[in-house]
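Here is a briefing on a cavity, an aromatic pair and charges over rings. Please keep the sequence and the model in view.

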Amino acid sequence: MKHVIKLLIVDDETRFLKTIAQRLTKRGFDVRTASNGPDAIALARYEKFDIALLDLKMPGIDGGQVLRVLKGEHEFLEAIILTGHGSLESAVELTKIGAFSYLPKPYELEKLIEVLKDAYEARLMKKFEADQTKMDRIMTAAEGESPLGILRKLRELDDGRK
């Protein structure tokens, strides 16, 4: 069974938001939308997403601020900035705080889909590596321990995760 990529799209231009959501839904993505930063943050707290596609310039909480919150709260979420008002400086800054990619508007649908798939693959790799590290810690903790000791160490390992 193929996993459907769960995508959160955030943009204050409602016509653009509706159009891109329809186009990506037709391409097999599971899409949710928000027209502002606070709604996006609230939605991401309620529902888990693989990728967030964020408009940079929005009134109130902009895409950079939304990116900071989402990356802080969702360890494996990848984010792509899509903007018509970008600069090299903002691209560098947003990449440093966790943006996977930075694309200009207007966008080419095929290029966007390619970047979304690359971001999803990066997400899977990060998750796999984290799971592998956790498994290694579990195996190390299990060596020479009683069943109760193993359970205590497992709880310690689990308490340290987001």
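**Cavity and ring contacts**

β3 gives the largest share of the lining of the largest cavity, three residues. The model is predicted: local features need pLDDT of at least 70, side-chain atom pairs count only at pLDDT 80 or more, and totals for chains, interfaces and linings use all residues. Residues are numbered from 1 along each chain as its sequence is written, and side-chain values use heavy atoms, without hydrogens and water.

**Cavity**
- The structure has one cavity of 30 Å³ or more (a set of points on a 1 Å grid over the protein atoms alone where a 1.4 Å probe fits but cannot get out; lining residues have an atom within 4 Å of a point).
- The largest cavity holds about 30 Å³ of space, the volume being that filled by probe spheres set on the points.
- β1 (6-10) and β3 (51-55) each supply at least two lining residues; strands are DSSP runs of E, at least two residues, and helices runs of H or I, at least four.
- Among the lining residues are Ile 9, Asp 11, Phe 16 and Leu 82.

**Aromatic pair**
- There is one aromatic pair (ring centres within 6.5 Å; edge-to-face means planes over 60 degrees apart).
- Phe 16 and Tyr 107 have ring centres 5.8 Å apart and planes at 80 degrees, so the pair is edge-to-face.
- Phe 16 lies in α1 (residues 14-26) and Tyr 107 in the loop between β5 (99-104) and α5 (109-142), so the pair ties together parts 91 residues apart in sequence.
- Phe 16 is buried at 18% relative accessibility (buried means under 20% relative accessible area, 1.4 Å probe, protein chains only).
- Tyr 107 is buried too, at 17%.

**Charges over rings**
- Lys 105 lies over the face of Phe 16, 4.3 Å from the ring centre (NZ of Lys within 6 Å of the ring centre and within 35 degrees of the ring normal).
- The charged end of Lys 6 sits over the ring of Phe 49, 5.5 Å from its centre.

How values were computed
On a 1 Å grid over the protein atoms alone, a cavity is a set of points where a 1.4 Å probe fits but cannot get out, and a pocket is an open set with protein on both sides within 12 Å along at least five of seven lines; lining residues have an atom within 4 Å of a point. Rings of Phe, Tyr and Trp (its six-membered ring) pair if their centres lie within 6.5 Å; planes under 30 degrees apart count as stacked, over 60 as edge-to-face and the rest as tilted. Buried means under 20% relative accessible area, exposed over 50%, partly exposed in between (1.4 Å probe, protein chains only).
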